[in-house]
Amino acid sequence: MTDLSLPSQPSQSHTQALADRETVRLALLLAVHTLIWTVGAWLYRTNLDTATDMLENYVWGIEWQPGYYKHPPAFAWMAASWFKLFPRTDLAYFALSSLNATLGLCGIVALARRFLPMRDALIVGLAMAVTPIYTTLAIKFNANTVLLSLWPWAAYFFVRYVQTGTWKSALALGAAAALAMLGKYFSITLLAGLGLAGLMRPAWRAQLLRPRTLLAVLAGTVVLGPHLIWLVQNNFPTFAYADERIQEISDPFHVMLLEKIPYALTQLAYLLPAMAFLVLLLPRRRLAAFGTMLRSLLRPSLDRNLWWLSMGTFFAVCAVSVLTRTHLSALWGNTQWFAIVILWVVALEQRGLELDTRGIVRGMTVYWVLVLALSAVLGYADAARHHRGAIEPRAELAHAARQLWQERVGLPLAIVTGNDKEAKAIAFYGHNLTHYWDMYEPGNTPWVGRADVLREGALFVCRSSDDDCAKIAAAFTRARPIAMTVHKQAWGLRLPDYRYKVFLLPPTGWHEAASPAAAGSKSTS
């Protein structure tokens with residue numbers, strides 16, 4: 001007897017199990033990616049960052065202030081919280097940088113999930129993960145890169161609110177928007193961009209005009225409240241700092257508009273790896289896919305909600321630049337592209353181009369091997385050619401200075417000051433908590449006063465070539481300088497010597513007899 005029954009189809013439960021396994025696989029790729037870039041950054045950088053922003057984050061954050069003279073406090077708080085749990089090492093700091101980027105990628109995935117299935121949302125996250133925005137440019141954790149984690153989540157809660165209108169979404173939106181502002185005031189462009197997107201879409205506009213939106217305003221005000229009070233009490237120091245940094249230009253209006261073209265092209269260049277990632281997941285019509293993604297940037301009709309969500313902040317950034325008559329830094333705009341890959345995936349699906357993830361593990365493995373190899377090669381090259389950022393012996397100086405203080409004073413080092421980089425390095429590298437004091441502009445570090453320095457004692461560190469620093473330190477401590485020579489060793493290379501002068505100011509009531517003192521100079525490696 002002939003069996004005329006139809007071939008059995010995969011059961012719904014089997015199909016769901018396959019989908020679940022693929023979701024887990026793609027999520028694990030993001031986790032491994034975080035680890036790879038932590039190690040890659042550590043291989044590439046034998047110090048943290050050249051400008052020592054990361055050291056500054058830490059010395060600010062441990063004071064838990066509602067604001068600092070340069071920036072609002074979110075990224076400093078994040079650094080301080082991180083190092084309450086982890087040792088103060090370069091590797092741990094790069095882990096924070098990488099985790100901050102991944103937190104932003106998770107926000108992008110959550111945002112994508114409002115428009116796409118989970119599988120495609122994870123593909124969106126992986127596509128953004130291979131861009132310089134979330135990799136090489138994210139290594140330095142500071143007021144710019146903290147927005148990588150804050151902006152996508154603010155956008156997610158915005159979309160969730162305009163789609164659902166619930167009071168919980170309104171409160172979450174307000175809190176997320178306020179956190180973005182606590183990261184950097186430049187986040188006003190994000191809020192303007194989201195507002196523009198909301199106003200341009202009728203359903204979203206109707207939701208934003210409901211009284212419930214006032215809950216978002218209320219939540220934002222509560223979160224921002226302590227910082228706003230601090231601003232008023234301290235006469236808006238962050239605004240004064242921003243005004244000093246902004247370079248106002250007097251170019252004609254049309255020249256300022258034309259300046260936005262290279263800015264836009266630079267942003268597109270940052271996004272090219274994400275485009276390439278999606279193209280490589282297509283088994284056919286790759287050139288057509290590339291063209292589709294490029295055209296989507298100029299065609300709102302493909303998906304008007306996503307187009308305005310993707311481009312609204314870009315328009316806001318350009319408008320703020322024109323209105324304030326300032327040049328745009330390409331780095332300022334990196335965080336605005338939280339929705340662009342979602343738009344591209346939707347555009348590809350509209351053209352019938354389906355992404356195939358079967359080779360994604362192999363492709364990401366090759367990418368990771370290249371990342372680690374290039375990081376090691378470039379890290380060695382920087383050390384071998386004595387790049388300044390690679391050869392400064394910051395951790396070594398901190399170890400030697402702390403050891404000297406312990407030998408001479410015999411108490412934990414409470415306060416350090418002197419040259420900016422060196423003093424902050426000594427504060428960061430070490431086991432006990434040490435506060436940083438700005439001896440040049442004491443108002444910048446109000447958590448330590450002159451009376452605190454005299455009472456608790458301090459170590460003053462100066463580069464040997466900086467006579468002004470040495471004069472200030474000698475006048476304050478009334479002590480003779482102790483010469484110190486330190487060098488770094490990296491990649492099997494003995495790097496050049498750096499020379500410093502250290503002045504010790506023991507705490508009030510300290511007696512030299514309580515701790516053995518050693519006279520003369522100290523040289524250490």
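# Notebook: surface patches, strands and salt bridges

**Nonpolar patch.** I began at the surface, where Val 366, Leu 370, Leu 374 and Leu 378 form a nonpolar patch with about 370 Å² of accessible area together. I took Leu 370 as the residue to look up and found it in helix 16, residues 360-384. Its relative accessible area is 48%, so Leu 370 counts as partly exposed. I note here that the model is a predicted one.

I then stepped back to the whole protein. I listed 21 helices and six strands. The C-alpha trace spans about 105 × 60 × 45 Å along its principal axes. Of the 525 residues, 52% count as buried.

**Positive patch.** Next I looked for charge on the surface. Which residues gather in a patch of positive charge? I wrote down Arg 284, Arg 285, Arg 295, Arg 299 and Arg 351. I followed up Arg 284, which sits in the loop that runs between helix 12 (253-280) and helix 13 (286-296). Is Arg 284 buried, exposed or partly exposed? With a relative accessible area of 46%, Arg 284 is partly exposed, because the exposed class begins only over 50%.

**Strand 3 and its partners.** I turned to the strands and started with strand 3, residues 458-463. Strand 3 pairs with strand 5 (residues 493-505) in the antiparallel sense, over six bridges. For this pairing I noted two positions: Leu 459 stands opposite Leu 504, and Val 461 stands opposite Val 502. Strand 1 (residues 415-418) also joins strand 3, here through three bridges and with the two strands running parallel. In that pairing Thr 417 stands opposite Phe 460. I then asked how many residues of strand 3 are buried. The count is five of the six, so strand 3 is largely enclosed by the rest of the structure. As a reminder to myself, side chains in a regular strand alternate between the two faces of the sheet.

**Salt bridges.** I moved on to charged pairs. Side chains of opposite charge can pair when their charged atoms come close. The count in this model comes to 18 salt bridges, taking a nitrogen of Lys or Arg within 4 Å of a carboxyl oxygen of Asp or Glu.

- Arg 119 and Glu 22 meet in a salt bridge at 3.4 Å, N to O. Arg 119 lies in helix 5 (residues 118-129) and Glu 22 in helix 1 (residues 12-44), so the pair ties together parts that are 97 residues apart in sequence. Arg 119 counts as partly exposed at 21% relative accessibility, while Glu 22 counts as buried at 18%. The two fall into separate classes because the line for buried is drawn at under 20%.
- Glu 259 and Lys 260 meet in a salt bridge at 3.1 Å, N to O. Glu 259 is partly exposed at 22% relative accessibility, and Lys 260 is buried with a relative accessible area of 8%.
- Glu 456 forms a salt bridge with Arg 455, and the closest N and O atoms are 3.3 Å apart. Both partners are partly exposed: Glu 456 has 33% relative accessibility, and Arg 455 has 44%.

**Gly 449.** My last entry is on Gly 449. Where is Gly 449 placed? It is in the loop between strand 2 (435-436) and helix 20 (450-456). Gly 449 counts as partly exposed, at 24% relative accessibility. I also looked up its separation from Ser 81: Gly 449 and Ser 81 are 368 residues apart in sequence, and their C-alpha atoms are 24 Å apart in space.

Note on methods:
Residues numbered from 1 in each chain as written. Predicted model: local features only at pLDDT ≥ 70, side-chain atom pairs only at ≥ 80, totals over all residues. Heavy atoms only, no water. Patch = residues over 30% accessible without salt bridge, like charges linked within 9 Å, V, L, I, M, F, W, Y side chains within 5 Å. Areas by Shrake-Rupley, 256 points an atom, 1.4 Å probe, with all protein chains shown as cover. Salt bridge = Lys/Arg side-chain N within 4 Å of Asp/Glu carboxyl O. Lys, Arg positive; Asp, Glu negative; His and termini not counted. Charge placed at Lys NZ, Arg CZ, Asp CG, Glu CD. Helix = DSSP H or I, 4+ residues; strand = E, 2+ residues; numbered from the N terminus. Buried < 20%, exposed > 50% of the residue type's maximum accessible area, 1.4 Å probe, protein only. Pairing = 2+ DSSP bridges.
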